[in-house]
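Reader: I am new to reading protein structures. Could you take me through this one, question by question?

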Amino acid sequence: MDLRNAVAKVLGVTWDVQYGAFPTVIRGVLNGKYDVGQANFGATKARERVVDFATYLSDGQSFLGAKDIKIDKATTLTDLCGYNVATSSGSTFQQILTNGASACAAAGKSPYQVQYFSDTAPIFLGLANGKVDIYFGPTLSLKYTAARIPGTKYLGQISTRPVGLVRHIRV
């Protein structure tokens with residue numbers, strides 16, 4: 001919200017703020033429902049083909065574990081083998097997990113099972129009640145969470161990428 005307000009002040013505009021689920025925001029920008037989209041949008045090559053990015057930070061993709069899981073470090077997808085992993089639907093996190101789904105089999109290990117959510121509340125509930133072992137999400141948020149939510153531990157980062165606001169490419 002603070003970033004959005006600062007951008008509006010610099011541009012001399014006011015926002016008509018509307019909220020949408022993460023997987024629907026870029027589609028909303030593309031179909032004209034929204035002029036600009038703001039969320040934790042990683043600047044991927046696929047997204048850059050359809051929207052412009054105004055990047056404002058570099059954030060990573062990291063793992064947050066329930067305190068009782070056996071591992072204390074996760075920095076590769078094979079570290080997730082055999083665990084129940086939760087992430088946001090429609091995100092770069094989902095793409096990474098989908099693209100790496102064969103990594104466990106290639107390493108001779110049991111696959112990870114993925115659950116997708118449109119909100120983080122059920123993920124945190126799952127970490128607390130044992131239905132989720134590991135949350136795959138944005139590094140800055142997960143480090144903050146691990147420092148403040150009992151029963152969780154930061155496990156490590158797998159990669160980084162620029163994050164930004166999106167707007168439709170007008171041709």
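Predicted model: local features only at pLDDT ≥ 70, side-chain atom pairs only at ≥ 80, totals over all residues.

Reader: Which residues of helix α6 are buried?
Author: Helix α6 covers residues 121-129. Buried means under 20% relative accessible area, exposed over 50%, and partly exposed in between, with a 1.4 Å probe and protein chains only. Helices (H or I, at least four residues) and strands (E, at least two) are DSSP runs, numbered from the N terminus. The buried residues of α6 are Ile123, Gly126 and Leu127.

Reader: Which strands are included in what covers the buried residues of α6?
Author: Contact means heavy atoms within 4.5 Å. The cover includes β2 (51-66), β3 (84-88), β4 (113-117), β5 (134-138) and β6 (152-168).

Reader: What follows α6, and what is its phi?
Author: Glycine 130 follows α6. Its phi is positive, near 85°.

**The whole chain**

Reader: How many helices and strands are in the chain, and in what order do the elements run?
Author: The chain has seven helices and six strands. From the N terminus on, the order is α-α-β-α-β-β-α-α-β-α-β-α-β.

Reader: What is the radius of gyration of the chain?
Author: It is taken over C-alpha atoms, and the globule rule is 2.2 Å times the number of residues to the power 0.38. For 171 residues, a compact globule would come out near 16 Å. The chain agrees with that, at 17 Å.

Reader: What part of the chain is buried?
Author: The chain has 171 residues. Buried residues make up 38% of them.

Reader: What part of the contacts joins residues 24 or more positions apart?
Author: Take the contacts in the chain with a separation of 6 or more. Residues 24 or more positions apart account for 71% of these.

**Helix α4 and threonine 92**

Reader: Which residues of helix α4 are buried, and within what arc do they fall?
Author: In helix α4 (residues 92-99), the buried residues are Thr92, Phe93, Ile96 and Leu97. They line one face of the helix, because seen down the axis they fall within an arc of 140°.

Reader: Which residues does threonine 92 contact beyond its neighbours within four places in sequence?
Author: Threonine 92 lies in helix α4. Its relative accessibility is 4%, so threonine 92 counts as buried. Leaving aside those neighbours, its contacts are Gly42, Thr44, Arg47, Gln61 and Arg161.

Reader: Is proline 138 buried or exposed, and which residues does it contact?
Author: Proline 138 has its place in strand β5. At 11% relative accessibility, proline 138 counts as buried. Leaving aside neighbours within four places in sequence, proline 138 is in contact with Asn40, Asp59, Gly60 and Phe93.

Reader: Where is glycine 28, and what is its relative accessible area?
Author: Glycine 28 is found in helix α2 (residues 22-30). Leaving aside neighbours within four places in sequence, glycine 28 is in contact with Lys33 and Tyr34. Glycine 28 is buried, and its relative accessible area is 3%.

Reader: How many Å separate the C-alpha atoms of isoleucine 169 and phenylalanine 53?
Author: Isoleucine 169 lies in the segment after β6. Isoleucine 169 is partly exposed, at 24% relative accessible area. Along the chain, isoleucine 169 and phenylalanine 53 are 116 residues apart. Their C-alpha atoms are separated by 9.5 Å.

Technical notes. Residues numbered from 1 in each chain as written. Heavy atoms only, no water. Arc of directions from axis to C-beta.
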